[in-house]
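These notes are meant for a colleague who has not looked at this structure before. Please read them with the model open.

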Amino acid sequence: LTCKIAVFRQDFLTGGVVGRTVRAFGTDVEVVHLAMRLASNLDVALSVRQGKQFEDAWKALKETFTNAVEGLGDEGKETLRRRFARDDPVIPLTRGNETFIWISA
């Protein structure tokens, strides 16, 4: 299972699908929320240990998330803040990992 998660984590970053989705639909707080939650649950920041390609991909994804959040406006930012501050039994969130810490900052 650990190996599968590592592969999912790497595919998540290098595939670029999530980044493209957020760039295309980044004005929708639901899209940004789910993409950031998935990134946190996979702890994609750990992929940087795999080399430069993953470091660059994580940097690009962080930039995409930052731009999307900045484009949401005050209400969207508040929605995200509330969602990452509470537990949601429907959409679990892994906390305390490198990705969650970056998202929560």
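This is a predicted model: local features need pLDDT of at least 70, side-chain atom pairs count only at pLDDT 80 or more; totals for chains, interfaces and linings use all residues.

Does Asn 97 count as buried or exposed?

1. Asn 97 counts as buried, because its relative accessibility is 9% and the cut-off for buried is under 20%. Asn 97 is found in the loop that joins helix 4 (52–85) and helix 5 (98–104).

2. Beyond residues up to four places away in sequence, Asn 97 touches Ser 40 and Asp 43.

3. Asp 43, one of the residues touched by Asn 97, sits in the loop between helix 3 (29–42) and helix 4. Asp 43 is buried as well, since its relative accessible area is 10%, against a cut-off of under 20%. The backbone of Asp 43 deserves a look: its phi is positive, about 45 degrees, although Asp 43 is not a glycine. Most residues other than glycine have a negative phi.

4. Next come helix 2 and helix 3. Helix 2 covers residues 17–25, and its axis is 9 Å from that of helix 3, at an angle of about 160 degrees. That angle makes the two helices roughly antiparallel, because angles over 145 degrees are counted that way. The crossing of helix 2 and helix 3 is left-handed.

5. Which residues form the contact of helix 2 with helix 3? From helix 2 come Val 18, Thr 21, Val 22 and Phe 25, and from helix 3 come Val 31, Val 32 and Ala 35. Of the residues in this contact, six are nonpolar, one is polar and none is charged.

6. Helix 3 also packs against helix 4, with the axes 9 Å apart and an angle of about 80 degrees. Helix 3 and helix 4 are therefore roughly perpendicular to each other, as the range for that term is 65 to 115 degrees.

7. The contact of helix 3 with helix 4 involves, on the helix 3 side, Val 29, Glu 30, Val 32, His 33, Ala 35, Met 36, Arg 37 and Ala 39. On the helix 4 side, the residues include Phe 65, Leu 72, Gly 76, Leu 80 and Arg 83. By class, this contact has 11 nonpolar, three polar and three charged residues. Val 32 and Ala 35 of helix 3 also meet helix 2.

8. Arg 83 belongs to helix 4. Is Arg 83 buried or exposed? Arg 83 is buried, with a relative accessible area of 17%. Apart from neighbours within four places in sequence, Arg 83 contacts Glu 30, His 33 and Arg 37.

9. Gly 76 lies in helix 4 and is buried, with a relative accessible area of 9%. Gly 73 and Thr 27 are 46 residues apart in sequence, yet 9.0 Å apart in space from C-alpha to C-alpha.

Terms used: Residues are numbered from 1 along each chain as its sequence is written. Side-chain values use heavy atoms; hydrogens and water are left out. Helices (H or I, at least four residues) and strands (E, at least two) are DSSP runs, numbered from the N terminus. Buried means under 20% relative accessible area, exposed over 50%, partly exposed in between (1.4 Å probe, protein chains only). Contact means heavy atoms within 4.5 Å. Axes are lines fitted to C-alpha atoms, for helices over the stretch in contact, and angles run from 0 to 180 degrees between N-to-C directions. Angles under 35 degrees count as roughly parallel, over 145 as roughly antiparallel, 65 to 115 as roughly perpendicular and the rest as oblique. A crossing is left-handed if the near helix is turned anticlockwise from the far one by less than a right angle, and right-handed if clockwise. Ala, Val, Leu, Ile, Met, Phe, Trp, Tyr, Cys and Pro count as nonpolar, Asp, Glu, Lys and Arg as charged, and the others, Gly among them, as polar.
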